[in-house]
Amino acid sequence: MEFFSDVGGDPLKPSLFELVAQEQLRDLLQPAVKYVLSVFAQRYPRYLLRIVNRHEEFYAVLMLFVERHYLRKHGAAFAENFYGLKRRRRPLFEMEKARAAVDGLLAEEKLRDKEIWRSMLFLVGLPYLRAKAADYFEALGGGVDTELFDEGASSRQNRLLTEETFAAKLRRLFLKVYPWANTTFEIWLLVCNVAYLFDKTPYYRPWLRWIGADVRRLGADDMLAARQASQGRIPATKLSQGLLAKMRRFLLSSPRLLLDSLKVLLPTAIFFIRFLEWWYSPSSPARSLAVSPLGPAVPPPRLLPPHPRGLRLDGTKYGECGLCHGAIANATAFPSGYVFCYKCAYEYVHEHGRCPVTLVPARVWQLRKILV
């Protein structure tokens, strides 16, 4: 990894591993925010349920303010600033590293409004469009097993795709084009990453050339400029010591303080969520070694009693399907708790719409495959 850190002899050029790491952090932010909102929505559904249902729009608006703040103040996206990176307005001609005027160098590299808005277009707009396209593709049944849906949802999808209208033709065209377009886009990004890794291009993302900026590491000049800027704002905060003046300064500075604190709060929330996923996962070592202080494990629920006219399982051996009388393949449980082969269970429910043993009504989407 260290070998690729200084490709081309430029110490301020970030390695591909740093850029990939900040991309992964950015991809983890949306699931973390959605998880937190879902937890609070269970307690306050009246206020937060609509936000959870429109999570993509809420997250896009949230990141619009966050990215704008970090691009204006730090000259970098949120994830880039977390990893000590910045966006530099790329000059037409690369000059020598040694510059006499440090302030002139930083002023030349500072992002203008044009570069900031172009950056937000790809930091916020492009991920939002890709997320909505993926959701629409799944809503049309692309890449999803239709057996997981109930009959109403399946019939609705078939109606939307089989109609001879212009909108239905566009939906069918989208189902065919989207997987190829998404794969082509991912291959395009991979090719750009490889070209950046071997110093064939200064941009690890193709749209950075159109934006007019590249990604760099923070140097000593950036640290010095940030320190001077913070020191220059100190006298302005001591102009008045009145109570109203202090409250006014607090209200004006609180949004900036909140946005700056996200640099610590959001990664901490991501770590906490990942820890909970590991802790409660079935393969967690902590769960396998833990001993419950409440006593023995809770026994499984009882099976529903069989109906007198239902299928009798008295002579069925352990591991044998009561419908085909063979070894259970791809074990699937009914809502009543009885287990059969998936093929047998699916065909029986599709034909009779009930459990063969208890005669309790059942549907295909209520069948649960058992993972052993």
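Mentor: A pocket here is an open set of points on a 1 Å grid over the protein atoms alone, where a 1.4 Å probe fits, with protein on both sides within 12 Å along at least five of seven lines; lining residues have an atom within 4 Å of a point. This is a predicted model: local features need pLDDT of at least 70, side-chain atom pairs need 80 or more, and totals for chains, interfaces and linings use all residues. Residues are numbered from 1 along each chain as written, and side-chain values use heavy atoms, without hydrogens or water.

Trainee: How much space lies in the second largest pocket?
Mentor: Volume is the space filled by probe spheres set on the points. For the second largest pocket, that comes to about 820 Å³.

Trainee: Which element gives the largest share of that pocket's lining?
Mentor: Among the 32 lining residues, Glu23, Arg26, Asp27, Pro127 and Arg130 are the closest to the centre. Helices are DSSP runs of H or I, at least four residues, and strands are runs of E, at least two. Helix 1 (16–43), helix 3 (55–73), helix 6 (113–139) and helix 8 (166–197) each give two or more residues to the lining. The largest share, 10 residues, comes from helix 1.

Trainee: What is the strand order in the open sheet of 3 strands?
Mentor: Strands pair if DSSP finds at least two bridges, and strand 3 (331–333) is joined to strand 4 by 3, running antiparallel. Strand 4 (339–341) and strand 5 (368–369) are the edges, each pairing on one side only. The order is 4-3-5.

Trainee: What is the mean pLDDT of the chain?
Mentor: pLDDT is the predictor's confidence in each residue, from 0 to 100. Residues 1–7 fall below 50, and residues 234–240 also stay under 50. Where pLDDT is low, the coordinates should not be read in detail. Across the chain, 68% of residues reach 70 or more, and the mean is 76.

Notes
Contact means heavy atoms within 4.5 Å.
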